[in-house]
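Subject: Structure handover

Hello,

Here is the structure I said I would pass on. My notes follow it.

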Amino acid sequence: METGTPRTGEAAGQVAAGLEISQWKYLPGGADDPRMHAILSVRVDGTGGDGHPGGGPVLAQVLVMDCSSSMTWPVEKLHAAQQAAVAAIRKLPDGTPFAVVRGNEQAAVVYPDTPRMARASARTRARAERAVRETAAGGGTCIGAWLDLSRRLLTEQDAPIGHVLLLTDGKNQHDEQMPLARVLEECAGRFVCDAWGIGDGWDGRELLRITSRLHGSASSVREEAALPGEYEQLMNRLLTKTVPELVVSVTVMPGCTVRYLKQVFPTEAELTAEDGTGRFVTRAWGDETRRYQLCLAADPTGRPRGEDLQLAVVAVEVPGVPGVGEVRLPPPRPCLVHWTDDPALSRHTDAQVEHFEQHQRLGEAVAAATDAHRRGQRDLAEQQLGRAVRLAHAMGADEQLTRLARLVRIEDAPSGRVALRPEVTAVDFQHLITASSHSTYGPASGTGTGTGIGTGSGAAGGAPGGGAAVPCPAC
């Protein structure tokens with residue numbers, strides 16, 4: 001079933017949000033633990049990157065450089081980190097609060113030399129560049145200390161979007177000094193963190209653990225010289241974000257509960273409801289679309305068969321916090337269920353839900369392959385990578401297939417027949433792990449087997465990874 005996807009806003013210069021729900025509403029009435037899965041597409045248009053109505057800076061930026069002893073070899077690694085930090089500093093608009101943190105088994109502010117963050121200007125940017133270029137490496141790694149110092153710096157700033165750009169080349173070997181798990185809980189909701197791996201000693205799953213909790217993304221570079229350009233691109237994207245927060249609100253009907261809501265596009269991220277409510281905060285928006293997978297548990301006992309029933313109402317809201325300007329919001333949208341005893345209806349799944357669940361299975365296969373390779377089980381690693389290739393091919397995820405082809409020779413993608421390349425190293429798997437957290441767009445909105453309950457998000461026509469319309473199996 002297809003629906004249109006109109007744009008979110010009409011008036012020039014107006015920030016507008018859109019919401020679209022894609023689901024397959026038919027569930028078996030006799031199931032023991034029936035769950036309704038739906039994909040929520042949320043889009044923001046019209047931010048323009050011009051700041052918020054208060055007139056002050058939108059962004060407060062902390063740059064964290066890994067300066068552990070492993071950064072000293074090869075020498076190009078520390079140089080690339082310094083060049084990347086300089087590239088990011090040069091992008092900061094005048095007035096932006098910023099600081100540079102040096103991280104090893106402790107954390108220290110490289111610039112400024114005052115208790116508070118500096119304000120970007122020609123003079124402070126030049127001084128920060130000198131401080132970065134003079135930074136030496138030595139010591140161990142305690143990422144919790146780096147994030148904790150970043151949190152304390154950003155707490156004193158009134159810019160609505162706090163952002164940490166973290167670079168590391170190693171594992172979190174001194175975690176006992178400031179446990180990362182505790183620090184992530186203290187930092188959650190305070191700022192967004194993007195993390196990068198460089199060199200050959202970092203841990204991809206550790207970076208994903210950080211960025212998933214702090215609503216950012218994990219990435220890596222194979223060549224040190226590529227890092228400054230990547231930082232420039234990231235800062236360009238970051239500076240377009242002018243809506244600090246939006247709330248996705250899920251109000252359930254009696255007999256229904258929210259199992260989870262998680263971001264599945266463009267990267268995977270954890271979402272936790274505020275105080276056990278159905279309100280989930282999402283952070284730092286520019287003109288973009290994000291997708292979320294909603295899972296609802298429902299009880300069919302005593303409910304009528306053969307008709308549409310409302311399970312929940314989904315809405316996009318603006319929280320009442322400083323720095324969030326006026327945003328035109330979409331109307332709330334229903335999430336439906338149609339209890340049926342007809343297996344021809346209940347056995348189907350929404351096309352978008354299936355796409356993102358396949359993407360999750362692909363990530364699980366990559367993780368299993370990584371573990372097997374670390375244990376020296378090359379045959380098992382090859383088998384799991386073959387499974388990943390088969391899933392990527394089924395999704396039409398050409399970019400994922402290209403990345404997998406760095407590790408295996410693909411002999412037959414549909415069947416997953418591959419051969420592990422003999423020159424593959426451990427860090428190749430780490431690159432693959434971080435890349436696998438970046439999902440493809442999936443089937444176009446309102447296409448495939450979903451009901452395509454649509455609103456003005458303009459969500460996916462012609463988007464990468466979008467699929468063609470599929471005839472409804474119920475018609």
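Leaving aside residues up to four places away in sequence, Ser212 touches Glu268, Ala269 and Glu270, where contact means heavy atoms within 4.5 Å. Ser212 lies in helix α5 (residues 204-213); helices (H or I, at least four residues) and strands (E, at least two) are DSSP runs, numbered from the N terminus. Ser212 is buried because its relative accessible area is 14%, and buried means under 20%, exposed over 50%, partly exposed in between (1.4 Å probe, protein chains only).

This is a predicted model, in which local features need pLDDT of at least 70, side-chain atom pairs count only at pLDDT 80 or more, and totals for chains, interfaces and linings use all residues. Residues are numbered from 1 along each chain as its sequence is written, and side-chain values use heavy atoms, with hydrogens and water left out.

On confidence: pLDDT is the predictor's confidence in each residue, from 0 to 100. The protein chain averages 88, and 88% of the residues score at least 70. Residues 1-7 stay under 50, and residues 444-475 are also below 50. Where pLDDT is low, the predicted coordinates should not be read in detail.

There is also an open sheet of four strands, ordered β1-β3-β14-β12, with antiparallel pairing (two strands pair if DSSP finds at least two bridges between them). Its edge strands are β1 (16-23) and β12 (256-265). β1 pairs with β3 (residues 35-45) over eight bridges, and Ala16 stands opposite Asp45 in β3.

Regards
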